[in-house]
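This report covers a single protein chain.

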Amino acid sequence: MRERNNIIMEYGTYMLVFLASYIASLAGLYYLSGILLMGEALYLYVHWVRETGSLVELRALFTLAWVGGQGIACMQLSKLQSDWQYITWLSFFLIYIGFGIGYEWGRKYGKVEERNWKRTNSNQEGYSSAL
(Lines give C-alpha, C1' and ligand atoms only; values in the text may rest on other atoms or scores of the structure.)
Protein backbone atom coordinates (compact mmCIF):
# COMPACT_ATOMS: atom_id res chain seq x y z
CA MET A 1 0.00 0.00 0.00
CA ARG A 2 1.12 3.52 -0.71
CA GLU A 3 2.27 5.69 2.13
CA ARG A 4 -0.01 8.41 3.41
CA ASN A 5 2.79 11.00 3.07
CA ASN A 6 3.07 10.32 -0.66
CA ILE A 7 -0.67 10.71 -1.14
CA ILE A 8 -0.71 13.98 0.81
CA MET A 9 2.27 15.29 -1.18
CA GLU A 10 0.73 14.41 -4.54
CA TYR A 11 -2.70 15.88 -3.89
CA GLY A 12 -1.23 18.68 -1.77
CA THR A 13 0.82 19.97 -4.70
CA TYR A 14 -2.33 19.92 -6.81
CA MET A 15 -4.22 21.93 -4.18
CA LEU A 16 -1.48 24.56 -3.95
CA VAL A 17 -1.13 24.90 -7.72
CA PHE A 18 -4.91 25.01 -8.13
CA LEU A 19 -5.14 27.83 -5.58
CA ALA A 20 -2.32 29.74 -7.28
CA SER A 21 -4.02 29.25 -10.65
CA TYR A 22 -7.32 30.53 -9.25
CA ILE A 23 -5.64 33.62 -7.82
CA ALA A 24 -3.79 34.24 -11.11
CA SER A 25 -7.08 33.98 -12.97
CA LEU A 26 -8.73 36.48 -10.62
CA ALA A 27 -5.83 38.85 -11.29
CA GLY A 28 -6.36 38.52 -15.04
CA LEU A 29 -3.15 36.51 -15.61
CA TYR A 30 -4.84 33.86 -17.73
CA TYR A 31 -1.74 32.49 -19.41
CA LEU A 32 0.00 32.04 -16.05
CA SER A 33 -3.11 30.38 -14.64
CA GLY A 34 -3.20 27.90 -17.51
CA ILE A 35 0.53 27.21 -17.49
CA LEU A 36 0.43 26.43 -13.77
CA LEU A 37 -2.31 23.83 -14.23
CA MET A 38 -0.72 22.28 -17.33
CA GLY A 39 2.63 22.08 -15.55
CA GLU A 40 1.04 20.35 -12.56
CA ALA A 41 -0.79 17.92 -14.84
CA LEU A 42 2.44 17.02 -16.60
CA TYR A 43 4.34 16.72 -13.30
CA LEU A 44 1.75 14.38 -11.78
CA TYR A 45 1.50 12.33 -14.97
CA VAL A 46 5.26 11.75 -15.07
CA HIS A 47 5.34 11.05 -11.32
CA TRP A 48 2.64 8.38 -11.50
CA VAL A 49 3.99 6.82 -14.67
CA ARG A 50 7.39 6.44 -13.02
CA GLU A 51 5.78 5.04 -9.87
CA THR A 52 3.74 2.40 -11.68
CA GLY A 53 5.88 1.85 -14.77
CA SER A 54 2.81 2.04 -17.03
CA LEU A 55 2.11 4.80 -19.57
CA VAL A 56 -1.61 4.07 -19.43
CA GLU A 57 -2.07 4.27 -15.66
CA LEU A 58 -5.66 5.46 -15.09
CA ARG A 59 -4.93 8.11 -12.47
CA ALA A 60 -2.10 9.58 -14.55
CA LEU A 61 -4.20 9.75 -17.71
CA PHE A 62 -7.17 11.29 -15.90
CA THR A 63 -4.90 13.91 -14.35
CA LEU A 64 -3.31 14.75 -17.68
CA ALA A 65 -6.69 15.08 -19.39
CA TRP A 66 -8.65 16.78 -16.59
CA VAL A 67 -6.10 19.14 -15.09
CA GLY A 68 -4.28 19.72 -18.38
CA GLY A 69 -7.56 20.45 -20.13
CA GLN A 70 -8.46 22.85 -17.37
CA GLY A 71 -5.15 24.60 -17.92
CA ILE A 72 -5.78 24.98 -21.64
CA ALA A 73 -9.26 26.36 -20.93
CA CYS A 74 -7.90 28.77 -18.30
CA MET A 75 -5.66 30.41 -20.89
CA GLN A 76 -8.77 31.85 -22.57
CA LEU A 77 -7.40 31.43 -26.07
CA SER A 78 -10.69 32.60 -27.60
CA LYS A 79 -12.15 36.07 -27.35
CA LEU A 80 -15.51 34.40 -26.69
CA GLN A 81 -14.43 32.97 -23.34
CA SER A 82 -15.19 34.71 -20.07
CA ASP A 83 -13.96 34.36 -16.50
CA TRP A 84 -15.13 31.31 -14.63
CA GLN A 85 -17.34 31.80 -11.62
CA TYR A 86 -16.16 30.48 -8.27
CA ILE A 87 -18.64 27.60 -8.46
CA THR A 88 -16.98 26.40 -11.67
CA TRP A 89 -13.58 26.37 -9.99
CA LEU A 90 -15.02 24.60 -6.96
CA SER A 91 -16.72 21.98 -9.14
CA PHE A 92 -13.54 21.21 -11.06
CA PHE A 93 -11.60 20.94 -7.81
CA LEU A 94 -14.12 18.65 -6.11
CA ILE A 95 -14.39 16.37 -9.14
CA TYR A 96 -10.63 15.83 -9.25
CA ILE A 97 -10.27 15.33 -5.49
CA GLY A 98 -13.30 13.01 -5.51
CA PHE A 99 -11.71 10.96 -8.26
CA GLY A 100 -8.47 10.79 -6.29
CA ILE A 101 -10.21 9.66 -3.11
CA GLY A 102 -12.19 7.05 -5.02
CA TYR A 103 -9.10 5.80 -6.82
CA GLU A 104 -7.08 5.44 -3.60
CA TRP A 105 -10.01 3.78 -1.84
CA GLY A 106 -10.44 1.36 -4.74
CA ARG A 107 -6.77 0.46 -4.71
CA LYS A 108 -6.85 -0.17 -0.97
CA TYR A 109 -10.10 -2.11 -0.68
CA GLY A 110 -10.21 -3.58 -4.17
CA LYS A 111 -7.25 -5.82 -3.37
CA VAL A 112 -8.97 -7.10 -0.22
CA GLU A 113 -12.07 -8.05 -2.19
CA GLU A 114 -9.91 -9.62 -4.91
CA ARG A 115 -8.12 -11.71 -2.29
CA ASN A 116 -11.43 -12.84 -0.79
CA TRP A 117 -12.77 -13.68 -4.27
CA LYS A 118 -9.68 -15.77 -5.07
CA ARG A 119 -9.93 -17.53 -1.72
CA THR A 120 -13.61 -18.32 -2.29
CA ASN A 121 -13.03 -19.58 -5.82
CA SER A 122 -10.05 -21.70 -4.84
CA ASN A 123 -12.20 -23.39 -2.17
CA GLN A 124 -14.93 -24.07 -4.74
CA GLU A 125 -12.43 -25.55 -7.19
CA GLY A 126 -11.22 -27.90 -4.47
CA TYR A 127 -14.77 -29.13 -3.90
CA SER A 128 -15.44 -29.67 -7.59
CA SER A 129 -12.24 -31.64 -8.12
CA ALA A 130 -13.11 -33.92 -5.20
CA LEU A 131 -16.43 -34.86 -6.85
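## A buried arginine

Arg 59 is buried, with a relative accessible area of 0%. The model is a predicted one. Which residues are linked with Arg 59 in a network of salt bridges? The network joins Arg 59 with Glu 51, Glu 57 and Glu 104. A search of the whole structure finds three salt bridges.

Take the pairs one by one. Glu 104 and Arg 59 meet through their side chains at 2.7 Å, N to O. For Arg 59 and Glu 51, the closest N and O atoms are 3.6 Å apart. For Glu 57 and Arg 59, the corresponding separation is 3.7 Å.

Are the glutamates buried or partly exposed? Glu 57 is buried, with a relative accessible area of 7%. Glu 104 also counts as buried, at 14% relative accessibility. Both values fall under the 20% cut-off for buried residues. Glu 51 counts as partly exposed, at 34% relative accessibility. That value lies between the 20% and 50% limits, so Glu 51 is neither buried nor exposed.

## Fold

The protein has four helices and zero strands. Along the sequence, the pattern reads α-α-α-α. Of the 131 residues, 27% count as buried.

Where does Met 75 lie? Its place is in the loop between α3 and α4. Met 75 counts as buried, at 14% relative accessibility. Met 75 and Ser 33 are 42 residues apart in sequence. In space, their C-alpha atoms are 6.7 Å apart.

## Nonpolar surface

Which residues make the nonpolar surface patch of about 440 Å²? Tyr 31, Ile 35, Ile 72 and Leu 77 make it. Ile 35 belongs to helix α2 (residues 30-52).

## Interior space

Rolling a probe the size of a water molecule over the atoms shows where empty space is left. How many cavities of 30 Å³ or more are there? The count comes to one. The largest cavity holds about 40 Å³ of space.

The lining of the largest cavity consists of Ser 25, Ala 73, Cys 74, Gln 76, Asp 83, Trp 84 and Trp 89. By class, the lining residues divide into four nonpolar, two polar and one charged. Ala 73, Cys 74, Trp 84 and Trp 89 are the nonpolar ones, because Ala, Cys and Trp count as nonpolar. Ser 25 and Gln 76 are polar, and Asp 83 is charged.

Notes. Residues are numbered from 1 along each chain as its sequence is written. This is a predicted model: local features need pLDDT of at least 70, side-chain atom pairs count only at pLDDT 80 or more; totals for chains, interfaces and linings use all residues. Side-chain values use heavy atoms; hydrogens and water are left out. On a 1 Å grid over the protein atoms alone, a cavity is a set of points where a 1.4 Å probe fits but cannot get out, and a pocket is an open set with protein on both sides within 12 Å along at least five of seven lines; lining residues have an atom within 4 Å of a point. Grid points are joined across faces, edges and corners, and a volume is the space filled by probe spheres set on the points. Patches are made of residues with over 30% relative accessible area and no salt bridge: like charges are joined within 9 Å, nonpolar side chains (Val, Leu, Ile, Met, Phe, Trp, Tyr) within 5 Å. Accessible areas come from the Shrake-Rupley method with a 1.4 Å probe; for residues, only the protein chains shown count as cover. A salt bridge is a side-chain nitrogen of Lys or Arg within 4 Å of a carboxyl oxygen of Asp or Glu. Helices (H or I, at least four residues) and strands (E, at least two) are DSSP runs, numbered from the N terminus. Buried means under 20% relative accessible area, exposed over 50%, partly exposed in between (1.4 Å probe, protein chains only).
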